[in-house]
Amino acid sequence: MTDSKKNDPDLVSTHTTAATHSVARWVARHHGFEVQQCHLIRRGLNDNYALRSADGTRYVARLYSIRPRGGFNVDFEVALLAHLAAKGVAVAAPVVAADGRAHIQLQFPEGLRALALFHHAEGTTPDTLDEYELTGRTLANIHEAARDYAGPPSRYTLDGHHLAGRTLGYLESHPEMDAALFDTYRRLVHELVDELAAAEQGLTRVVCHGDTHGFNNHVNTDESGARRAVFFDFDDAGPGFLAYDLSVLPWSYMFRKNLKEPDDALRERWMHYLRGYRAGGGEVSERDAAALPLFVQLRHLWNLGEAAGRLHHWGTNSVPLDWLRKQLEVFEAWKRLDLRA
């Protein structure tokens, strides 16, 4: 009979979900205020918790998961957000710990994890065409304000290796992967990375948000009565290409709707999104627009790789082989996209 009072040496944790009262205590201890409420919002690439202080202020605590890409990029993320907020850009600003640290490190069974605190972004995800236009305008504000960012550097650049090259290693470790399918993906990745290498000299570079799919910003009404779009979740941010940051919105819609080309609803949203981006001072060159189909595919590879790299947490059902085979048809169709609105 197993002694329940002893630890089983064969029990190894790959990902731990912290109880809400633990997160509340950590925030109270390190940020110096009483947490009245705390609940888990979602588990995903990271674990996010909603908190409310005794005075009613709302926050979000992000407990960063250990990801195969490497160390946490939280120093860059927090410094970038502080820079953007200081310039008046609508973002969910970070809240430093009482001792001035951007984040705290906590020892979990699977290793060290980082915990950072942010102000809650009021509002709801964009839904109307005007709200998509607001979203595009704020993205332009982010890109412009980040031009003179001079804080801690990002741990990674959103280039061909980051978006696609890493995915090969994750797929190779898939326990059900067969040689023929892996070889097909290897050729696909090499083709797309080569295409990017041939085009990148003419593409606009920005500090990317990295995950602008429409659910990482809320639209609300500020104290003056003006409508605004507030961005959050900058944990995938880094230097990269404007075309990539723009491509994530149409990719997300087509991916969720299982589309091989835009429908009328997406075309309307996309037109207003780009209109807002340009109204906010953003410029999209012809070369940037022509590269959008390439970056839609690179985004799909990145997203696929994030799931394949977390088999220890999400399991093989997150990237089954039948689904991986079907995606090859999607990649082929997306080569012919026309997103030049």
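Leaving aside residues up to four places away in sequence, Ser-247 touches Leu-292, Phe-295 and Val-296. In this predicted model, Ser-247 lies in helix 6, which covers residues 242–257, and because its relative accessibility is 0%, against a cut-off of under 20%, the residue counts as buried.

Burial also marks strand 3 (residues 58–64), where six of the seven residues are buried, so that the strand is largely enclosed by the rest of the structure. Strand 3 runs antiparallel to strand 2 (residues 46–53), to which it is joined by seven bridges, and it is likewise antiparallel to strand 6 (residues 111–119), with five bridges between them. Tyr-59 of strand 3 takes part in both pairings, being the bridge partner of Leu-51 and standing opposite His-119 of strand 6. The hairpin formed by strand 2 and strand 3 has four residues between the strands, and there Gly-56 adopts a positive phi near 95 degrees.

Helix 2 (residues 74–86) comprises 13 residues and spans 18 Å from its first C-alpha to its last, close to the 18 Å expected at 1.5 Å a residue. After helix 2 comes Gly-88, for which phi is positive, near 85 degrees.

Note on methods:
Residues numbered from 1 in each chain as written. Predicted model: local features only at pLDDT ≥ 70, side-chain atom pairs only at ≥ 80, totals over all residues. Heavy atoms only, no water. Helix = DSSP H or I, 4+ residues; strand = E, 2+ residues; numbered from the N terminus. Buried < 20%, exposed > 50% of the residue type's maximum accessible area, 1.4 Å probe, protein only. Contact = heavy atoms within 4.5 Å. Pairing = 2+ DSSP bridges. Expected span 1.5 Å × (residues − 1).
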